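Look at the sequence and the model side by side. Follow the chain as you read, and find each residue as it is named.

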Amino acid sequence: MQASAKTSVLKRLQRIEGQVRGLARMVEEDRYCIDVVTQIAAVSAALRAAEDEILRDHVAHCIEHAIASGNKSEQRRKVAELMDVLNRTTR
């Protein structure tokens with residue numbers, strides 16, 4: 001992972017960690033269910049944004065490197081790997 005993406009993703013994950021701790025407090029305090037579900041949706045969206053950033057970095061770095069290498073086997077492997085992870089994350 002590129003250094004700038006790593007820094008950005010780590011900051012996102014730290015914010016998400018705080019959100020999840022906040023969710024636990026909400027449950028402990030018997031907060032209104034709809035408020036809890038709303039915050040769960042916010043955490044889910046934040047995780048998707050982190051996932052998107054990591055995938056973009058992967059395409060910009062690893063996939064691009066495989067294409068530039070000219071190695072057809074490596075290119076196929078990287079594209080297959082990307083397709084597999086996209087299939088898993090879109091279900």
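Is Gln75 buried or exposed? Start with its place: Gln75 lies in helix H3. The model is a predicted one, and in it Gln75 has a relative accessible area of 16%. Buried means under 20%. Gln75 is therefore buried. Now look at what surrounds this residue. Leaving aside neighbours within four places in sequence, Gln75 is in contact with Ala66, Ile67 and Gly70.

Two of those partners lead us to the next helix. Ala66 and Ile67 are in H2, among the residues that meet H3. Helix H2 covers residues 33-69, and helix H3 covers residues 72-89. The two pack at an angle of about 165°. Their axes are 9 Å apart. An angle over 145 degrees counts as roughly antiparallel, so H2 and H3 are roughly antiparallel to each other. Their crossing is left-handed.

Which residues does each helix bring to this contact? From H2 come Glu51, Leu55, His58, Val59, Cys62, Ile63, Ala66 and Ile67. From H3 come Glu74, Gln75, Lys78, Val79, Glu81, Leu82, Val85, Leu86 and Thr89. Sort them by class, and the contact has ten nonpolar, three polar and four charged residues.

Pick out one member of that list, His58. It is found in helix H2. Its relative accessibility is 18%, so His58 counts as buried. Which residues does His58 contact, leaving aside its neighbours within four places in sequence? They are Ile63, Glu81 and Leu82. Glu81 and Leu82 are also on the H3 side of the helix contact.

Now turn to the other pair of helices. The axes of H1 and H2 come within 10 Å. They cross at roughly 165°. The cut-off of 145 degrees applies here too, so H1 and H2 are roughly antiparallel to each other. H1 passes H2 in a left-handed crossing. By class, this contact has 17 nonpolar, three polar and four charged residues.

Leaving aside neighbours within four places in sequence, Ala46 is in contact with Ile16 and Gln19.

Is Leu47 buried, partly exposed or exposed? At 42% relative accessibility, Leu47 counts as partly exposed. Leu47 touches Leu13 and Ile16, not counting residues up to four places away in sequence. Leu47 and Ile16 are 31 residues apart in sequence. In space, their C-alpha atoms are 7.4 Å apart.

Finish in the loop between H1 and H2. Asp30 has its place there. What is its phi? Phi of Asp30 is near 55°, a positive value in a residue other than glycine. Most residues other than glycine have a negative phi. Asp30 has a relative accessible area of 68%, so Asp30 is exposed.

Tyr32 lies in the loop between H1 and H2 too. At 56% relative accessibility, Tyr32 counts as exposed. Now find Ser73. Tyr32 and Ser73 are 41 residues apart along the chain. Their C-alpha atoms are separated by 54 Å.

Methods. Residues are numbered from 1 along each chain as its sequence is written. This is a predicted model: local features need pLDDT of at least 70, side-chain atom pairs count only at pLDDT 80 or more; totals for chains, interfaces and linings use all residues. Side-chain values use heavy atoms; hydrogens and water are left out. Axes are lines fitted to C-alpha atoms, for helices over the stretch in contact, and angles run from 0 to 180 degrees between N-to-C directions. Helices (H or I, at least four residues) and strands (E, at least two) are DSSP runs, numbered from the N terminus. Angles under 35 degrees count as roughly parallel, over 145 as roughly antiparallel, 65 to 115 as roughly perpendicular and the rest as oblique. A crossing is left-handed if the near helix is turned anticlockwise from the far one by less than a right angle, and right-handed if clockwise. Contact means heavy atoms within 4.5 Å. Ala, Val, Leu, Ile, Met, Phe, Trp, Tyr, Cys and Pro count as nonpolar, Asp, Glu, Lys and Arg as charged, and the others, Gly among them, as polar. Buried means under 20% relative accessible area, exposed over 50%, partly exposed in between (1.4 Å probe, protein chains only).
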